[in-house]
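Please consult the sequence and the structure shown below while reading.

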Amino acid sequence: MKSIFVTGGAGFIGSHTCLLLLEKGYIVFILDSFTNSCKKSITKITTTLKEKGIEPKGKIHLIEGDIKNPGDIEKVFQLSLKLEQNIESVIHFGGLKSVYDSVINPFIYWDNNVNGTINLLKIMFKYNCKNIVFSSSATVYKAPSHKLLSENDICEPINPYGNTKLTIERILNDLYKSEPSQWKIASLRYFNPVGAHESAFIGENLLGKPDNIYPRITQVAIGKIKEIKIFGSDWDTPDGTAIRDYIHVMDVAEGHIAVLEYLLKEKPQILTLNLGTGKGTSVLELIQKFEQVNNVKVPFRFDKRRPGDKGFIVADNSLAKSILNWIPKRNIDDICRDGWNWQLKNPDGY
């Protein structure tokens with residue numbers, strides 16, 4: 001069985017991806033600091049598979065630690081050697097992810113996301129592990145209006161979070177150029193991952209006030225928040241609200257498996273790929289669809305635009321589809337239903 005190291009594997013996208021890795025028979029070494037995740041998500045992964053009648057083929061080794069500490073990263077590689085399960089690849093989710101917090105605390109974001117990644121890459125190099133899938137973001141784009149964003153479009157982040165993601169992509173590019181016959185690298189630019197696993201055993205475990213629209217919708221629907229604020233009703237869109245590309249978290253997880261398996265079988269290379277649906281949904285449409293699918297009310301009010309916001313951010317996903325033979329299988333109805341089921345069964349998270 002292949003062994004893989006997953007940083008941030010207890011988080012939202014990480015836990016859903018680890019579930020698929022376990023199902024496919026990978027030995028998974030997870031390093032997580034639990035800064036914005038929960039240990040219970042790991043036990044829930046096994047529960048989810050058993051509820052589906054699937055006996056996990058692989059195994060999870062969970063190590064609590066921080067990518068800011070090189071010693072914690074090295075412990076993972078040492079454990080894999082001790083168990084004679086040498087790590088072949090890394091999926092790098094570990095990092096801080098709040099756009100708002102990054103503006104307030106830029107040093108913390110640069111230290112955690114960029115320096116933490118440099119620590120990871122140094123230890124990978126030491127142990128001759130040269131396959132990595134990096135969790136990047138659509139926040140790297142300049143995002144011109146009303147055009148699907150392709151991987152070759154201008155990258156010009158407007159916040160520290162996006163800056164850290166683009167900086168890491170550039171570090172990875174430099175690393176590849178230093179040894180182009182050795183490294184296999186993919187950076188995946190997510191758009192808006194939302195929803196939850198269909199079983200409702202794992203989902204987005206909110207710690208603190210949610211930043212993004214979808215978890216705010218579920219929190220309002222269940223009564224934890226009074227109403228949704230819609231930032232801007234005068235965008236150049238059909239209903240005046242901003243349009244985004246909402247992609248089901250399981251489609252994102254499947255994208256990671258697809259790119260990992262592609263890298264493992266192909267020659268050394270570096271890839272940058274969008275993970276999105278290619279379809280835009282306005283904030284107002286998302287709220288209305290959520291109400292319709294789940295037969296609930298989601299009160300909202302309009303507020304002024306937020307500085308730096310864009311009216312239209314939607315992926316051109318044709319490159320990922322052509323290279324990986326991957327397509328998003330789930331739609332907005334699935335997102336609304338699965339996310340609401342998770343919220344109902346886990347009103348206080350894990």
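## Helix α6

The model described here is predicted. In helix α6, the buried residues are Pro 160, Tyr 161, Gly 162, Thr 164, Lys 165, Leu 166, Ile 168, Glu 169, Leu 172, Leu 175 and Tyr 176. The elements that cover these buried residues include α4 (99-104), α5, β5, β6 (184-190) and β11.

Helix α6 runs over residues 160-178 and has 19 residues. From its first C-alpha to its last, α6 reaches 27 Å, which is close to the 27 Å expected at 1.5 Å a residue.

## Helix α2

Helix α2 comprises twelve residues, 40-51.

Which residues of α2 are buried? They are Ser 41, Ile 42, Ile 45, Thr 48 and Leu 49. Because these residues cover an arc of only 110° around the axis, they lie on the same side of α2. Thr 43, Lys 50 and Glu 51, on the other side of α2, are exposed. Among the elements that cover the buried residues of α2 are α1 (12-23), β2 (27-32) and β3 (59-64). Just after α2, Gly 53 takes a positive phi of about 80°.

## Two helix pairs

The axes of helix α7 (residues 213-221) and helix α11 (residues 332-345) come within 10 Å and cross at roughly 55°. This angle makes α7 oblique to α11. The crossing of the helices α7 and α11 is right-handed. On the α7 side, Tyr 214, Thr 218, Gln 219 and Ala 221 take part in the meeting, and their partners in α11 are Ile 335, Cys 336, Gly 339, Trp 340 and Gln 343.

A second pair is formed by α3 and α5, whose axes come within 9 Å and cross at roughly 35°. Here too, the crossing of α3 and α5 is right-handed. From α3, the residues Pro 70, Ile 73, Glu 74 and Phe 77 meet Gly 116, Asn 119, Leu 120, Ile 123, Met 124 and Lys 126 in α5.

## Two loop residues with positive phi

Glu 84 lies in the loop between α3 (70-82) and β4 (87-92). The phi of Glu 84 is near 55°, a positive value in a residue other than glycine. Is Glu 84 buried or exposed? Its relative accessible area is 72%, and exposed means over 50%, so Glu 84 is exposed.

Asn 128 is placed in the loop between α5 (106-126) and β5 (131-137). Although Asn 128 is not a glycine, its phi is positive, at about 55°. With a relative accessible area of 54%, Asn 128 is exposed.

## Thr 272 in strand β11

Thr 272 is found in strand β11, which covers residues 269-275.

Which residues does Thr 272 touch, not counting residues up to four places away in sequence? They are Glu 151, Glu 169, Ser 187, Arg 189 and Leu 319. One of them, Glu 169, is also among the buried residues of α6. Thr 272 and Phe 77 are 195 residues apart along the chain, and their C-alpha atoms are separated by 26 Å. Phe 77 is one of the α3 residues that meet α5.

Methods
Residues are numbered from 1 along each chain as its sequence is written. This is a predicted model: local features need pLDDT of at least 70, side-chain atom pairs count only at pLDDT 80 or more; totals for chains, interfaces and linings use all residues. Side-chain values use heavy atoms; hydrogens and water are left out. Helices (H or I, at least four residues) and strands (E, at least two) are DSSP runs, numbered from the N terminus. The expected span of a helix is 1.5 Å times one less than its number of residues. Buried means under 20% relative accessible area, exposed over 50%, partly exposed in between (1.4 Å probe, protein chains only). The arc is that of the directions from the helix axis to the C-beta atoms. Contact means heavy atoms within 4.5 Å. Axes are lines fitted to C-alpha atoms, for helices over the stretch in contact, and angles run from 0 to 180 degrees between N-to-C directions. Angles under 35 degrees count as roughly parallel, over 145 as roughly antiparallel, 65 to 115 as roughly perpendicular and the rest as oblique. A crossing is left-handed if the near helix is turned anticlockwise from the far one by less than a right angle, and right-handed if clockwise.
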